[in-house]
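Subject: Structure for your review

Hello,

Here is the structure for you to look through. My notes come after it.

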Amino acid sequence: MDKGKIAVFCVEGAVNYKAHSLQMTSKAYQLAKEKDAEVIFCYIGSNDPDYFEQVSQCGADKIEFYQNDGEPGIRSHIMCEWGEFLLKKYDFKIALFMAEECGKRVAAILSTRFECGLTADCINVTFNDDNTFFYRTALNDAVVAKIRCTNETLQLATIREGIFEEERISETKAELNVWESSVELKNDHIEVLEKKEKTQPENVCLSKAKIIFGVGRGAAEKNTLLRIEKIAQKCGAELVGTRPVVEEGILPKSRQVGQSGRSIAPDLYVAFGISGVSQHIVGIKKAKVIVAVNKDHDASIFNFANYAFVGDVNIMLKELEKIIFCIWREKC
């Protein structure tokens with residue numbers, strides 16, 4: 001790839017957008033160093049000087065900031081129009097988007113408009129000579145596909161959260177360019193019939209959690225889940241779930257871990273009643289220690305666990321409650 005520019009796109013309001021975008025910016029900086037390129041951070045949202053400083057520290061050379069303090073739902077529409085303008089202005093070689101609802105939508109639309117390659121849910125990006133390679137899991141995560149977009153000057157990719165490390169490596173302050181509502185939205189085909197208040201998703205930060213408890217169908221019964229939540233609170237642990245648990249409305253989408261959710265890398269991950277299908281494993285494989293609790297001794301999760309307890313989840317919870325009580329009593 002010739003000397004050029006790498007874009008990182010971010011929209012305020014996306015789940016855990018700050019940590020996710022800083023991870024992407026750090027990776028973009030590493031790529032830029034290899035090819036003597038620039039990192040341009042493209043952000044829509046409210047003015048946040050502390051956040052911009054963090055973006056600078058992660059390696060951004062320039063911040064394109066579109067001031068928008070209004071309805072978060074309209075920002076993805078603005079990003080499509082503004083993003084198209086920026087892609088033309090800078091002649092980017094690579095543009096990275098967050099692999100969440102808004103980022104995926106914008107990346108797909110821009111890919112169609114520019115008729116360029118788009119690789120979704122990437123877990124790595126590398127260079128080899130003049131080629132750019134994108135990596136993503138395939139065949140139920142049995143293999144990692146190495147993808148090269150041929151005959152394309154511009155290449156787009158959505159990046160999973162928790163894949164790259166956030167690194168503060170730059171002391172140079174990024175140049176800030178502020179835009180103020182200058183994009184004309186193409187909404188002639190849209191008619192507003194009714195407006196309703198939308199409940200904003202929980203913006204939980206899992207990337208910095210040291211201890212995480214995972215809940216599967218085998219631990220989703222109401223009383224069992226309540227016990228897990230209480231123990232998690234005592235231990236300072238975050239709570240996440242598998243896709244079936246989220247689809248049943250037991251936990252919110254922001255706490256779904258796996259191929260169609262988020263990736264995590266805690267010091268300790270305790271899986272309660274999780275069978276361990278490959279789609280979930282891809283989201284937890286960076287955990288330093290995995291403890292699996294399942295009454296099925298043939299559960300796939302045991303193949304990936306450092307420690308295993310074969311038995312009823314509630315038996316393990318009872319023992320954990322005893323340990324916590326003893327610790328509490330000693331402190332008193």
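This is a predicted model: local features need pLDDT of at least 70, side-chain atom pairs count only at pLDDT 80 or more; totals for chains, interfaces and linings use all residues.

Residues are numbered from 1 along each chain as its sequence is written, and side-chain values use heavy atoms, with hydrogens and water left out.

Helices (H or I, at least four residues) and strands (E, at least two) are DSSP runs, numbered from the N terminus. Buried stands for under 20% relative accessible area, exposed for over 50%, and partly exposed for what lies in between, with a 1.4 Å probe and protein chains only.

Strand β1 covers residues 5–11, and six of its seven residues are buried. Strands β1 and β2 run parallel and are joined by seven bridges; two strands pair if DSSP finds at least two bridges between them.

Helix α3 (residues 75–90) contains C80. With a relative accessible area of 5%, C80 is buried. The C-alpha atoms of C80 and R113 are separated by 9.7 Å, and these residues are 33 residues apart along the chain.

Two residues have a backbone angle to note. D36 is not a glycine, yet its phi is positive, at about 50°. D36 is in the loop between α1 (17–35) and β2, and at 51% relative accessibility D36 counts as exposed. D91, also a residue other than glycine, has a positive phi near 55°. D91 is in the loop between α3 and β4 (94–98), and its 44% relative accessibility makes D91 partly exposed.

Aromatic rings

A pair of aromatic rings is described by the distance of the centres and the angle of the planes. Rings of Phe, Tyr and Trp (its six-membered ring) pair if their centres lie within 6.5 Å; planes under 30 degrees apart count as stacked, over 60 as edge-to-face and the rest as tilted. By this rule there are 14 aromatic pairs.

The pair of Y43 and F65 is stacked, because the ring centres are 5.8 Å apart and the planes are at 25°. Y43 lies in strand β2 (residues 38–45) and F65 in strand β3 (residues 62–67), so this pair ties together parts that are 22 residues apart in sequence. Both residues are buried, Y43 with a relative accessible area of 0% and F65 at 1%. The pair of Y90 and F92 is tilted, because the centres are 5.3 Å apart and the planes are at 40°. Y90 is buried at 11% relative accessible area, and F92 is buried at 1%.

Ring pairs also link Y17, F41, Y43, Y51, F52 and F65 into a cluster. Elsewhere, the charged end of K146 sits over the ring of F133, 4.4 Å from the ring centre. For this, NZ of Lys or CZ of Arg must be within 6 Å of the ring centre and within 35 degrees of the ring normal.

Cavities and a pocket

On a 1 Å grid over the protein atoms alone, a cavity is a set of points where a 1.4 Å probe fits but cannot get out; a pocket is an open set with protein on both sides within 12 Å along at least five of seven lines, and lining residues have an atom within 4 Å of a point. Grid points are joined across faces, edges and corners, and a volume is the space filled by probe spheres set on the points. Ala, Val, Leu, Ile, Met, Phe, Trp, Tyr, Cys and Pro count as nonpolar, Asp, Glu, Lys and Arg as charged, and the others, Gly among them, as polar.

The whole structure has two cavities of 30 Å³ or more. The largest cavity holds about 60 Å³ of space, and its lining includes F9, M79, F97 and C102. The elements that give two or more residues to this lining are β1, β4 and α4 (101–114). By class, the lining of the largest cavity has eight nonpolar residues, one polar and one charged.

The second largest cavity has a volume of about 40 Å³. D121, I123, R136, T137, R160 and Q259 line the second largest cavity, and they divide into one nonpolar, two polar and three charged.

The second largest pocket has a volume of about 470 Å³. Of its 30 lining residues, G216, R217, T242, I274 and S275 are the closest to the centre. Two or more lining residues come from each of α6 (243–247), α7 (278–284) and α8 (313–331). The lining of the second largest pocket has eight nonpolar, 16 polar and six charged residues.

Regards
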